[in-house]
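Me: I would like the labels on this model checked against their cut-offs, one at a time. Please give the value and the rule in each case.

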Amino acid sequence: MKSFGSEGILLPVYFIMLAVAVYLNFFTGGSIDPTNITINIAMFLIVGCIILWANTHCFMPVNRMMRSLQMASSNFRTAFDKKGNYLWDDYKLDRNLFKNKVADKRFFEYCTEKSRCDISGQSDMCDIDDYFNEEFIDALMKRGLVSIIPGVMTGLGILGTFVGLSFGLQNFNTESASAITNSIAPLMDGIKIAFHTSIYGMVFSLVFNFVYKKNVEDAYAGMESFLQSYHKYVAPRANPTASSSFYDAQALQMMQLEQLLDQFGDDLAVKIAQELKK
């Protein structure tokens, strides 16, 4: 049985990196720089808010739904073995089939449309694949927003790098040897900020990107497994030939019309040429 929930590693990684930041700022023997600490706190607050939002609004809702679909697939097989026939009539009125609000709402929309198509004699025009698919996962995961988060985390690290260098160079004085010597400490503090924030940003970006890609891959595979189980035990896949026959007929009519227009153009050209020769 496939497991979902790789987003669980984000918070442990976050607290590990937070512990690293505390160690580097307070226990490495150097001076405690308030500017460095302020920039670190700001970065960790932003990253923490991003991780919490992604977990609660993107990854966790999808993975909860996928676990409910996986459990439903297992129940389909058990019920099919008992009944020995397709289970559509048993489930078409079930409003709590998946025990998941999002999935049950989507299934209700599908059942409503399929029942309407059955009444109108167009049962092949509606298939569950039109409701449960990769686009549905993308919308529930808010994939358009989530996909830019690794870049945002990398950007935060780069931003911290430039901010740190700016603070380090702000008071750098080259008027004399003693001034240069006195300016080295602030410069090194700025470089420390630059390197630290770059490390944090890269680590968060790499880990988040892995979690994001893993969640998408697992969700797509789980959805495909659910659809195969549904078509095998609940309702067979709709006949695509019937649903596309109207469009095939339209394409044939357009092709015939183009042939008539071409023939008319050829005949017209011949007649014009004959008139010009007279």
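Predicted model: local features only at pLDDT ≥ 70, side-chain atom pairs only at ≥ 80, totals over all residues.

Me: Which residues does serine 6 touch, not counting residues up to four places away in sequence?
Reply: Serine 6 touches Val211, Lys214 and Asn215, where contact means heavy atoms within 4.5 Å. Residues are numbered from 1 along each chain as its sequence is written, and side-chain values use heavy atoms, with hydrogens and water left out.

Me: Why is serine 6 called buried?
Reply: Buried means under 20% relative accessible area, exposed over 50%, and partly exposed in between (1.4 Å probe, protein chains only). Serine 6 has 17%, so it is buried. In the protein, buried residues make up 36% of the 278 residues.

Me: What makes lysine 99 exposed and lysine 142 partly exposed?
Reply: Lysine 99 has a relative accessible area of 64%, so it is exposed. Lysine 142 has 34%, so it is partly exposed. Phi is near 55° in lysine 99 and also near 55° in lysine 142. Most residues other than glycine have a negative phi.

Me: Where are these two lysines, lysine 99 and lysine 142?
Reply: Lysine 99 is in the loop between helix H3 (88-91) and H4, and lysine 142 is in the loop between H5 and helix H6 (143-146). Helices (H or I, at least four residues) and strands (E, at least two) are DSSP runs, numbered from the N terminus. The protein has nine helices and zero strands.

Me: Why is H1 called roughly antiparallel to H2?
Reply: Helix H1 (residues 10-26) and helix H2 (residues 34-83) pack at about 175°, with axes 11 Å apart. Axes are lines fitted to C-alpha atoms, for helices over the stretch in contact, and angles run from 0 to 180 degrees between N-to-C directions. Angles under 35 degrees count as roughly parallel, over 145 as roughly antiparallel, 65 to 115 as roughly perpendicular and the rest as oblique. H1 is therefore roughly antiparallel to H2. The residues of this contact divide into 14 nonpolar, five polar and no charged (Ala, Val, Leu, Ile, Met, Phe, Trp, Tyr, Cys and Pro count as nonpolar, Asp, Glu, Lys and Arg as charged, the others, Gly among them, as polar).

Me: What makes H2 and H5 oblique?
Reply: The axes of H2 and helix H5 (residues 134-141) cross at roughly 140° and come within 8 Å. H2 and H5 are therefore oblique to each other.

Me: How do you know that tyrosine 110 and tyrosine 230 form an edge-to-face pair?
Reply: Rings of Phe, Tyr and Trp (its six-membered ring) pair if their centres lie within 6.5 Å; planes under 30 degrees apart count as stacked, over 60 as edge-to-face and the rest as tilted. By this rule the count comes to 22 aromatic pairs. The rings of tyrosine 110 and tyrosine 230 have centres 6.1 Å apart and planes at 75°, so the pair is edge-to-face. Tyrosine 110 lies in helix H4 (residues 101-119) and tyrosine 230 in helix H8 (residues 177-233), so the pair ties together parts 120 residues apart in sequence. Both tyrosine 110 and tyrosine 230 are buried.
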